[in-house]
Amino acid sequence: MTIPELPRDASAWARALDAVEIPVLQRTNVELSRLRENEERVVARDIARVLLHDPMFTLRVLRYLQAHRRAAQITDITTVEHALMMLGVAPFFAHFADLPTIESALAEKPIALEGFMRVAYRAHHAALYARDWANLRHDLRADEVAIAALLHDLSEMLLWCFAPESSSRVAALLHAEKSLRSSAAQVRVLGFKLGELQTLLIAQWRLAALLQSLMDDMHATHPRVVNVALAVNVARHSALGWDNPALPDDYAGIGKFLKLRPHEVLARIHRVAQQAETALDWFTLDPVPIPPDLAACNPGVQDWAKRDDT
């Protein structure tokens, strides 16, 4: 399903997206069906581990719980595991069985399907970084940080899914004008920035205020927000190759944030990138080769890494 031509107004787009049914990854349905075969042994963390691959399914779960929250519930739902504890494993399987898939929705639009999958995989990649660094910082709620990274580019994924022609025009602009910022291309095509649409959607769907604050790059001073922003940046800048000139600044920011030396930063990045690569079949994408030495393929990273005395 695609949404019809809309005015150049973020509010109109938010209202239109409120009326659509959000599809999920086909692989998620498969993995959940496997878990359901042993439902009595499944715990919330088993399901949460699966859904960390799928931003759209995660969104559906969080939306459902917020829409059906009890009057006595005073805390927001900020993670899938929390949502499942509130809902229960058996009711979860009953309500979220065999959902419509993105692969079917975009079967006749292969370019849009690939565009969506690239952003969804990037989101999963960012979530893995965010969780790894939150754990390193002894964040007791690391899963909140991971979910914020997973949903950070939610509006971009929704656009590929429900307005693929608009997404393709934005992508074409960015390809033609290498120095053009993504937000500027979005304004040219849509009349607004996707960040504006995302803010409206989060409010409209009553997602937790905490998730909104963690995804707010404009106010990235709180350590947990910095964590999300850095994770999203590395996943985005490495998506098409590890020679991206923006990566040295990303690595330097991570080193400063985590108080790690260059070789330690590169080792953690390399390990998590390899972990993310094992999930590529979820997104039907070809791998972007991960070099054994992340510094060797990027002169800027080499210069930065020379600061390491070891």
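Two residues are in contact here when they have heavy atoms within 4.5 Å, and helices (H or I, at least four residues) are DSSP runs numbered from the N terminus. The model is predicted, so local features need pLDDT of at least 70 and side-chain atom pairs count only at pLDDT 80 or more, while totals for chains, interfaces and linings use all residues. Residues are numbered from 1 along each chain as its sequence is written, and side-chain values use heavy atoms, with hydrogens and water left out.

Begin by selecting helix 16 (residues 247-258) and helix 17 (residues 262-277), which pack with their axes 9 Å apart at an angle of about 110°. Axes are lines fitted to C-alpha atoms, for helices over the stretch in contact, and angles run from 0 to 180 degrees between N-to-C directions. The two helices are therefore roughly perpendicular to each other, a term that covers 65 to 115 degrees. Now show the side chains of Tyr251, Ile254 and Gly255 in helix 16, which meet Val265, Leu266 and Ile269 in helix 17.

Next, select Arg122, Ala123, Ala126, Ala149, Asp153, Val232 and Ala235, the residues that line the largest cavity. A cavity is a set of points on a 1 Å grid, over the protein atoms alone, where a 1.4 Å probe fits but cannot get out, and lining residues have an atom within 4 Å of a point. The volume of the largest cavity is about 30 Å³. Colour helix 8 (110-136) and helix 15 (223-237), each of which supplies at least two residues of this lining; helix 8 gives the most, with three residues.

Terms used: On a 1 Å grid over the protein atoms alone, a cavity is a set of points where a 1.4 Å probe fits but cannot get out, and a pocket is an open set with protein on both sides within 12 Å along at least five of seven lines; lining residues have an atom within 4 Å of a point. Grid points are joined across faces, edges and corners, and a volume is the space filled by probe spheres set on the points. Angles under 35 degrees count as roughly parallel, over 145 as roughly antiparallel, 65 to 115 as roughly perpendicular and the rest as oblique.
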